[in-house]
Amino acid sequence: MFYKDISVWVALGHGILSFFSPCILPLIPAFLGILFTAKNKLLKLLGFFSGFSIFFTVIGVFSSIFGFFFAKYSSIINYVFGSIIILMGTLYIFQKELLKPRKVNVWKFKGGSFITGFLLGGVIGIIWIPCSSPILGSILAIAASANSLKGAVLLFVYSLGISIPFLTIGSYISKLITASFKAYKWELTLRIIGGAFLILLGVLIMFGKMVV
């Protein structure tokens, strides 16, 4: 059962960590405003979750397909993926993004239909990639060492880790962090904790202490 697989919980943790990406938190109230001011809120929310989840699930499948071609090198694959995850953790601590964020006008998705929500979910997924690229790179490395089904599940769970706090307490968390702490304090704290988590994970995978 997938829920007994430690890598599934690791994927959920990656998603929650991605939710706290410093460059995305200030934008969450605006995203939520677009979602919850629609006439058909439930329909749009369903579309958003579908678009957001499918976007990352497809990425997980492609990552697994890519990793499949290297399966014959299983004796060294733990060292390779472990090293990648350690690198991603280091980049996260030092706030080095693999991709540069681009401005996207999300206000064009103000309608209340399922399709509008679906497109908004995909667009926000694209926006999230550069903001959490080291974290996403880490979970993709794990997905690349699994089969396509598991890769899809891992990235779906990753999207859940982002979506659940985003759709429930996102606005409160964003306002609390912004109002209660100076930006550099909470950003630095999140980067150190998140980066240390990724580095530890990479070390465990590298030395075969965690099987993904």
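**View 1. Serine 63, a buried residue of a predicted model.** Serine 63 is buried, with a relative accessible area of 11%, where buried stands for under 20% relative accessible area, exposed for over 50%, and partly exposed for values in between (1.4 Å probe, protein chains only). This residue is found in helix H3, which covers residues 41–68; helices (H or I, at least four residues) and strands (E, at least two) are DSSP runs, numbered from the N terminus. Leaving aside residues up to four places away in sequence, serine 63 touches Leu140, Ala143 and Ala144, and a contact here means heavy atoms within 4.5 Å. The side chain of serine 63 also reaches the backbone nitrogen of alanine 144 at 3.5 Å. A polar contact is a pair of N or O atoms within 3.5 Å; within protein, one atom must be able to donate a hydrogen and the other to accept it, and residues adjacent in sequence count only if both atoms are side-chain atoms. The model is predicted, so local features need pLDDT of at least 70 and side-chain atom pairs count only at pLDDT 80 or more, whereas totals for chains, interfaces and linings use all residues. Residues are numbered from 1 along each chain as its sequence is written, and side-chain values use heavy atoms, with hydrogens and water left out.

View 2. A search of the whole structure finds 8 aromatic pairs. In one of them, the rings of phenylalanine 48 and phenylalanine 52 have their centres 5.6 Å apart and their planes at 15 degrees, so the pair is stacked. Rings of Phe, Tyr and Trp (its six-membered ring) pair if their centres lie within 6.5 Å, and planes under 30 degrees apart count as stacked, over 60 as edge-to-face and the rest as tilted. Both phenylalanine 48 and phenylalanine 52 lie in helix H3, 4 residues apart, about one turn of the helix. An α-helix has 3.6 residues a turn, so residues three or four places apart point the same way. Phenylalanine 48 is buried at a relative accessible area of 0%, and phenylalanine 52 counts as buried at 1%. The rings of phenylalanine 55 and phenylalanine 56 have their centres 5.1 Å apart and their planes at 85 degrees, so this pair is edge-to-face. Phenylalanine 56 counts as buried at 1% relative accessibility. One aromatic cluster is formed by Phe48, Phe52, Phe55, Phe56, Tyr158 and Phe166.

View 3. Helix H5 (residues 114–131) has 18 residues and reaches 26 Å from its first C-alpha to its last, close to the 26 Å expected at 1.5 Å a residue; the expected span is 1.5 Å times one less than the number of residues. Because 13 of the 18 residues of H5 are buried, this helix is largely enclosed by the rest of the structure. Helix H7 (residues 148–168) has 21 residues and reaches 30 Å from its first C-alpha to its last, close to the 30 Å expected. Asparagine 147 caps the N-terminal end of H7, with a side-chain oxygen 3.2 Å from the backbone nitrogen of leucine 149.

**View 4. Tyrosine 172 in helix H8.** Tyrosine 172 is found in helix H8 (residues 170–180) and counts as exposed, at 62% relative accessibility. Tyrosine 172 and isoleucine 28 are 144 residues apart in sequence, yet 9.7 Å apart in space, C-alpha to C-alpha.
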